[in-house]
Amino acid sequence: MDYKSTLSVCPYCGCGCSFYLETIDGKLVGTKPSATSPVNNGKLCVKGWKVHEFVQSPRRLTNPLLRKNGELVEVSWDEALDYVAAGLKQIKADHGPDSIAFLASAKITNEDNYVLQKFARAGVGTNNVDHCARL
Amino acid sequence: MTNSIEELAGADTIFVIGSNTTAAHPLVADRLYRAKKNGATIIVADPRKIQLALTADLYVSQALGSDAALINGIAHIIIKEGWQNQQFIDDNTEGYEQFKALVEGYTPERTTELTGVSKEDLYFIAEKYAKAPAGSIVYCMGITQHTSGVDNVKSLANLAMLTGQIGRESTGVNPLRGQNNVQGACDMGGLPDVYPGYQKVDVPEIQAKFAKAWGAELSPKAGLKIPDMLTGLNDGSVKALFVVGENPMMSDPDQHHVEQALKKAELLVVQDIFDHQTAQLAHVVLPGASYAEKDGTFSNTERRVQRLHKAVEPVGNSKADWEITQEISNRFGYPMNYASPAEIMEEIATVTPQYGGISFARLEGEGLLWPCPNQDHPGTKFLHAGGKFARGKGLFHAIEWRAPAEVVDEEYPLWLTTGRAHVHYHTGTMTRNSPSLHALMPEGFAEINPVEAERLGVGEGEMLQLTTRRGTIQAKAMITERVRPGMVFVPFHFMEACANVLTNPASDPVCKIPEFKVCAVKLDKAA
Ligand code: SF4
């Protein structure tokens, strides 16, 4: 049995509490607040205590899906990524870069957001990047 | 936030406006309770009698959408009584005379008429805040989700400058960010008019700097905000929408309008960890990895950049968002080859002055509060130290109160407001997939006052029908004094009783925040 505890940060509200995710053999089993965090000093709210629960939910999306004949069906990464890249390229060629828009996210990491807006601005060539901060 | 979370515990007066802190930001609420125990005066202004109101020294229930009037009225009293910090105003600000002239018109009589807050209460707030050795303002979506959202925020900044309650320990104007990495998404340039670090896309020198760093030609034109993207989809000027980690079908106002726009996309790509209503409309759905399955950083509401560490492998074939984007970019013809998030942060530090001294190695432990411009900088606990503002001097904005975009009338006679419940988060994709949290609050509801319940003849838990100009939903009645007569509250986490079928997409002219916090509604007992 392999027990690990890994320091992480809450994905819910903007407080940014930190905690240790407890895993046994690669399964998430619990959450322990970080006692030394200056944000939460060993505390968590009800959402934080249960923050490990949704990660390995059977309802997670696990494969890329592509719409074929009106239905979303599982496909390989290669097929999905080729489809997206080719589609974006075609639309840019036909209608210009500003016909493409991106929604970044308040739920993904800084690094994820940085790479996404860089792709939009430097790759596609549009500043059409926004996120739901206002919501 | 201008100041850090922990500093709140040391404030002498805390004015909380439009923030249901115990429900939406529990660990900030923890500081408010501690401040109270240390003898601080806690003042809560919220149309709904939220939990924090029960422990506050003063609770006032301002009329929905009257915040700017309330704040101007408080400023009026401060100036009339000579409680302003003239030294701070003279040394550090501009525009005071125009501001003073404008708030002259917000006499206590008129303010009471507009807000429903009594003269005594206005005086109490003005005095306790202005005279406190350290006074702090805390606000959230109750202030921003209005057609006058930007004005409301500026009004609060006026109040802090007027009294010099900024740039010192335990003072400041402190917005609580609704989602965990709103701060980071903004810092990283997830906005149409700025590159990372709030550097304007239409300033030629800045554009040149990024063009060089990224090895690409860049557009000099600010991009579209979300409502304009939807309009663009509708009129055909936008053809493709790439959505990461969001469910605009549920989080945006006027769901029917959003659906219509999304359905027009030639290419709709949704990248997320769970299936949701927006993904259902997509042409391609890409499975992202959750916070527990990747390395990276989040920036919290106090500007603290913190490290998350990969605890488990991504489920199934899901992948970290940055990896997916990188692979698309490579196929698209703009090569990227980051080996890890640490490497991405190295690049972020070179182009983002506020993050200049931030690296994964330095973040181990407590993280760092930006601005952190270089490797030796310890980070910044509070902004504007000594009254220094980014633009040189702090600018007062003379702001008139404006009525909400939609007001009650004969057909829609009640005020509707929306918000969060403590157990759930945002559109519920994560919390409603958490068995314990789902069990605590399995379904949506609508809060109504006992007076309304009696008028309609509905009992606790009976079904109500709510109708606005946008649509109709049904929800169980929760009968409570938390809301005044004439008002209804609906949380927005539940798709089967979706508050955003009802809400008004009218938005602030500057920042386009929709007016989630107020519209007119009709209430019936469900047949
Ligand atoms: S544990 Fe609760 S208070 Fe802390 S960040 Fe998560 S949701 Fe916010």
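Me: What makes up the area that chain B and chain A bury between them?

Reply: In this predicted model, the two chains bury about 10400 Å² between them, and 63% of it lies on carbon and sulfur atoms. On the chain B side, Tyr291(B), Arg331(B) and Phe332(B) lose the most area to chain A, together 8% of what that side buries.

Me: How many residues of each chain are in contact across this interface?

Reply: Chain B brings 143 residues, which are in contact with 97 residues of chain A. Here, contact stands for heavy atoms within 4.5 Å.

Me: Why is the pairing of Lys43(A) and Asp30(B) called a salt bridge?

Reply: The label needs a side-chain nitrogen of Lys or Arg within 4 Å of a carboxyl oxygen of Asp or Glu. The side chains of Lys43(A) and Asp30(B) meet at 2.9 Å, N to O, so the pair qualifies as a salt bridge. The count between chain B and chain A is 8 salt bridges, alongside 50 residue pairs in polar contact, both residues at pLDDT 80 or more.

Me: Which helix gives the largest share of the side of chain B that touches chain A?

Reply: That is helix α16 (residues 321-332) of chain B, with 10 residues. By class, this side of chain B has 75 nonpolar, 38 polar and 30 charged residues.

Me: Now to the ligand. How do you know which chains it lies between?

Reply: The ligand lies between chains A and B, and the residues around it come with both letters: among them are Cys10(A), Tyr12(A) and Lys47(A), as well as Pro26(B) and Leu27(B). Both α1 (46-49) of chain A and α2 (26-37) of chain B supply at least two residues of this shell.

Me: What is the make-up of that shell by class?

Reply: The shell around the ligand divides into 9 nonpolar, 2 polar and 1 charged.

Me: Why is Thr126(A) called buried?

Reply: Buried means under 20% relative accessible area. Thr126(A) has 0% relative accessibility, so this residue counts as buried. Thr126(A) is found in the loop between α3 (110-124) and β7 (129-130) of chain A, and the residues it touches include Pro97(A), Ile100(A), Phe102(A) and Ala120(A).

Notes: Residues numbered from 1 in each chain as written. Chains lettered and ligands numbered in written order. Predicted model: local features only at pLDDT ≥ 70, side-chain atom pairs only at ≥ 80, totals over all residues. Heavy atoms only, no water. Near = heavy atom within 4 Å. Helix = DSSP H or I, 4+ residues; strand = E, 2+ residues; numbered from the N terminus. Nonpolar A, V, L, I, M, F, W, Y, C, P; charged D, E, K, R; others polar. Buried < 20%, exposed > 50% of the residue type's maximum accessible area, 1.4 Å probe, protein only. Buried area = accessible area lost by both parts, 1.4 Å probe. Polar contact = N/O pair within 3.5 Å; in protein donor to acceptor, adjacent residues only side chain to side chain. Lists of a residue's contacts leave out its neighbours within four places in sequence.
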